[in-house]
Amino acid sequence: MSDVLEGRCLCGAVKIRVEGAHDPRPGACHCRMCQRWTGGLFLCFEADAEAVTVEGPVARYQSSAFAERAFCSTCGSHLWMRDTDGEDTAYDLMPGLFDVAIAWPLRSEIYADRAMAAVRLEGDHTRTTRDEYEAQNPFIDGDV
């Protein structure tokens with residue numbers, strides 16, 4: 001999909017514009033790293049790197065050997081997770097930054113068998129267990 005999306009962090013210091021290819025269906029991750037980062041589960045939607053423009057005070061944290069997580073350095077709002085290793089430099093953006101995301105259906109869940117009881121998701125979407133996901137992605141060094 002290639003509509004123009006405009007989003008912002010909680011305090012408004014960081015503005016994100018997506019003008020180009022993106023998938024308006026969030027995916028969810030229940031791995032321990034995402035649980036620690038978000039307090040429950042990580043939701044994101046993918047946008048091509050060339051479609052994303054970011055303005056404002058962004059801080060980045062290299063959370064693994066292959067990915068960074070970004071947040072507003074003023075209010076701490078989570079902004080994205082992004083691969084830093086290889087050719088796939090798409091953004092996994094937090095849907096809550098964008099008002100239009102309220103109507104988006106869930107696309108998929110990974111680490112579904114690791115979901116906290118309080119945030120188990122219902123509905124008809126793809127679910128992948130920890131073992132299945134890590135078998136498909138051998139570069140991941142376990143659920144940390």
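Guide: Start with accessibility. Buried means under 20% relative accessible area, exposed means over 50%, and partly exposed lies in between, using a 1.4 Å probe and protein chains only. This is a predicted model, in which local features need pLDDT of at least 70 and side-chain atom pairs count only at pLDDT 80 or more, while totals for chains, interfaces and linings use all residues. Residues are numbered from 1 along each chain as its sequence is written, and side-chain values use heavy atoms, with hydrogens and water left out.

Now the bridges. There are 7 salt bridges in the structure. Each is a side-chain nitrogen of Lys or Arg within 4 Å of a carboxyl oxygen of Asp or Glu.

Take E109 and R127. Their side chains form a salt bridge, with 3.2 Å from N to O. E109 has a relative accessibility of 3% and counts as buried. R127 is partly exposed at 38%.

R17, in β2, is the bridge partner of E6. Strands β1 and β2 pair in the antiparallel sense, over 5 bridges. Two strands count as paired if DSSP finds at least two bridges between them. Strands here are DSSP runs (E, at least two residues) and helices are runs of H or I (at least four), numbered from the N terminus.

The sheet around that pair is open. Its 3 strands come in the order β1-β2-β5, with antiparallel pairing. β1 (4-8) and β5 (52-55) are the edge strands, each pairing on one side only. From one strand to the next, the twist averages 15 degrees. Axes for such angles are lines fitted to C-alpha atoms, for helices over the stretch in contact, and angles run from 0 to 180 degrees between N-to-C directions.

Next, D23 and R107. They form a salt bridge, the closest N and O atoms being 3.6 Å apart. D23 lies in the loop between β2 (15-19) and β3 (27-29), and R107 in the loop between β9 (91-93) and β10 (108-110), so this pair ties together parts that are 84 residues apart in sequence. R107 is partly exposed, at 28% relative accessibility.

Then E68 and R60. Their side chains meet in a salt bridge at 3.4 Å, N to O. E68 is buried, at 10% relative accessibility. Look at the strands here. β6 (residues 58-62) and β7 (residues 67-72) run antiparallel and are joined by 5 bridges. They form a hairpin with 4 residues between them. Along it, A59 has F71 in β7 as its bridge partner.

R82 touches A49, F66, A67, E68, T89, A90 and Y91, leaving out residues up to four places away in sequence. Contact means heavy atoms within 4.5 Å. R82 is in strand β8 (residues 78-83). Its relative accessible area is 18%, and R82 is buried.

R82 and C34 are 48 residues apart in sequence, and their C-alpha atoms are 13 Å apart in space. C34 is buried, at 2% relative accessible area. What is the disulfide count? It is 0, where a disulfide is a pair of cysteine sulfur atoms within 2.5 Å. C9 is in no disulfide, and the nearest cysteine sulfur, that of C11, is 3.7 Å away. C34 is in none either, with the sulfur of C31 nearest at 3.7 Å. C9 counts as buried, at 2% relative accessibility.

Finally, the whole chain. It has 2 helices and 11 strands. The pattern along the sequence is β-β-β-α-β-β-β-β-β-β-β-β-α. The radius of gyration is 15 Å, close to the 15 Å that the globule rule gives for 144 residues, so the chain is as compact as a globular protein of that length. That radius is taken over C-alpha atoms, and the rule is 2.2 Å times the number of residues to the power 0.38. The C-alpha atoms fill a box of roughly 40 × 30 × 30 Å along the principal axes. Of the 144 residues, 46% are buried. Among contacts between residues at least 6 apart in sequence, 52% join residues at least 24 apart.
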